[in-house]
Amino acid sequence: MLDGIIVFNKPRGYTSHDAIARIRGITHAKVGHAGTLDPQAEGVLVVLLGAACKASDYILTNHKTYRAGIRFGMTSDTQDIWGEVTQTGAPLPDEASFLAAFAAFEGGYDQLPPMYSAVQKDGARLYDLARRGIEVQRESRWVDLSDFRLLSFENGRAEFEITCSKGTFIRALCHDIGEKLGCGAVMDSLIRLSSGDFTLEQATTFEALEDLAHTGRLQEAVIPMETVFSFLPRVDLDEKGLIRALNGAYIGPKWITSGEVPAEDGVLCALYAPDGRIATLARSGKLAVGGAPALFYEKTFYTGDRP
């Protein structure tokens, strides 16, 4: 049974759903993911296996780094080169003008999600409405932008790297820069270089996974559950503590062999079984009677034999 994370390099032309389906066929495991990539984008897709499928809300992927291409002098209905493109005929910017326009977005801005996106409006995906020719009012949302780096600028096109917060649309950023310049712009390439601490250098491919599967070595591509939660305070339990944790009961100091209950309420902790596997996540708090500090159950991830 495979439990953990695979950092996968999604190729262009695959939806995230299709990539997950192919990985499911290779691993024969329960598979999910933390954060989608558009079909024409490539790069880091964080794939969750087995018990890790329940961990998507806890995995640190809040900031992502991309390498993107922007082409000036055109617009499209999808805000990228793969939509219905319209040439604007406007003069193309020089490098200084582009950098000045981008400076208006540096640090972050209120971004309007594209109609061709998986954002939901009244229970419907925006891309489903867009395909039916329906455009609806959307609410803008703040996105963080940092570590901008211009890689190239020539022939009406630029390539850059940028780090952004979860939920940022790079094609919307390209569109908005084009609006700022007055010439229009579309995104024409996108590579996700990292998602949280997971990087493209770590990423594997379909072919590598298939080779590992054929030789019974798939586990080599899997980041263990214990590594996934290593950023959380660790609390080790004795056997009775493990039984209590798996049954959703609170944990007090008497069942802890290493670590401690944080003094501050609401701190998320990783609780480990005597065999070294992660058992549950729990948050610190106070008992209703007496007010003693304790850890209160949040979610189970234990993959060992239940005592």
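Which residue takes a positive phi in the hairpin of β17 and β18? In that hairpin, which has five residues between the strands, the residue is Gly276, with a positive phi near 90 degrees.

## Basis of the model

The model is predicted, and for that reason local features need pLDDT of at least 70 and side-chain atom pairs count only at pLDDT 80 or more, whereas totals for chains, interfaces and linings use all residues. Residues are numbered from 1 along each chain as its sequence is written, and side-chain values use heavy atoms, with hydrogens and water left out.

## The five-stranded sheet

Five strands form an open sheet in the order β16-β15-β17-β18-β19, and their pairing is mixed. Its edge strands are β16 (256–258) and β19, each of which pairs on one side only, and from one strand to the next the twist averages 45 degrees. Strands here are DSSP runs of E with at least two residues, helices are runs of H or I with at least four residues, and both are numbered from the N terminus; two strands pair if DSSP finds at least two bridges between them. Strands of a sheet pair through backbone hydrogen bonds, in either a parallel or an antiparallel sense.

Within this sheet, β17 and β18 pair in the antiparallel sense over five bridges, and Leu271 has Thr280 of β18 as its bridge partner. Strand β18 (residues 278–286) is also joined to strand β19 (residues 293–300), by seven bridges and again in an antiparallel arrangement. Along this second pairing, Leu281 stands opposite Lys299 in β19, Gly285 has Ala294 as its bridge partner, and Lys286 stands opposite Pro293. The hairpin of β18 and β19 has six residues between the strands, and in it Gly290 takes a positive phi near 95 degrees. Because seven of the nine residues of β18 are buried, this strand is largely enclosed by the rest of the structure; buried means under 20% relative accessible area, exposed over 50%, and partly exposed in between (1.4 Å probe, protein chains only).

## Salt bridges

The structure holds 13 salt bridges, a salt bridge being a side-chain nitrogen of Lys or Arg within 4 Å of a carboxyl oxygen of Asp or Glu. One of them joins the side chains of Glu298 and Arg283 at 2.7 Å, N to O. Glu298 lies in strand β19 and Arg283 in strand β18, so the pair ties together parts that are 15 residues apart in sequence. Glu298 is partly exposed at 26% relative accessibility, and Arg283 is partly exposed at 32%.

Salt bridges that share partners join Arg71, Arg157, Glu159 and Asp188 into one network. Within that group, the side chains of Glu159 and Arg157 meet at 3.4 Å, N to O; Glu159 counts as partly exposed at 22% relative accessibility, and Arg157 likewise at 23%. A further salt bridge is formed by Arg277 with Asp275, whose closest N and O atoms are 3.5 Å apart, and here Arg277 is partly exposed at 36% while Asp275 is partly exposed at 42%.

## Helix α5

In helix α5 (residues 206–214), the residues Phe206, Leu209 and Leu212 are buried. They cover an arc of only 130 degrees around the axis, which puts them on the same side of α5, where the arc is that of the directions from the helix axis to the C-beta atoms. An α-helix has 3.6 residues a turn, so residues three or four places apart point the same way. The buried residues of α5 pack against β1 (4–10) and α1 (16–27), contact meaning heavy atoms within 4.5 Å. Just after α5, Gly216 takes a positive phi of about 70 degrees.

## Cysteines and an exposed loop residue

A search of the whole structure finds zero disulfides, a disulfide being a pair of cysteine sulfur atoms within 2.5 Å. The sulfur of Cys174 is 11 Å from the closest cysteine sulfur, in Cys164, which is too far for a bond. Cys174 is buried with a relative accessible area of 0%, and Cys269 counts as buried at 0% relative accessibility.

Glu260, by contrast, is exposed, with a relative accessible area of 62%, and its place is in the loop between β16 and β17 (268–272). The C-alpha atoms of Glu260 and Ser284 are separated by 9.9 Å, although the two residues are 24 residues apart along the chain.

Notes
Axes are lines fitted to C-alpha atoms, for helices over the stretch in contact, and angles run from 0 to 180 degrees between N-to-C directions.
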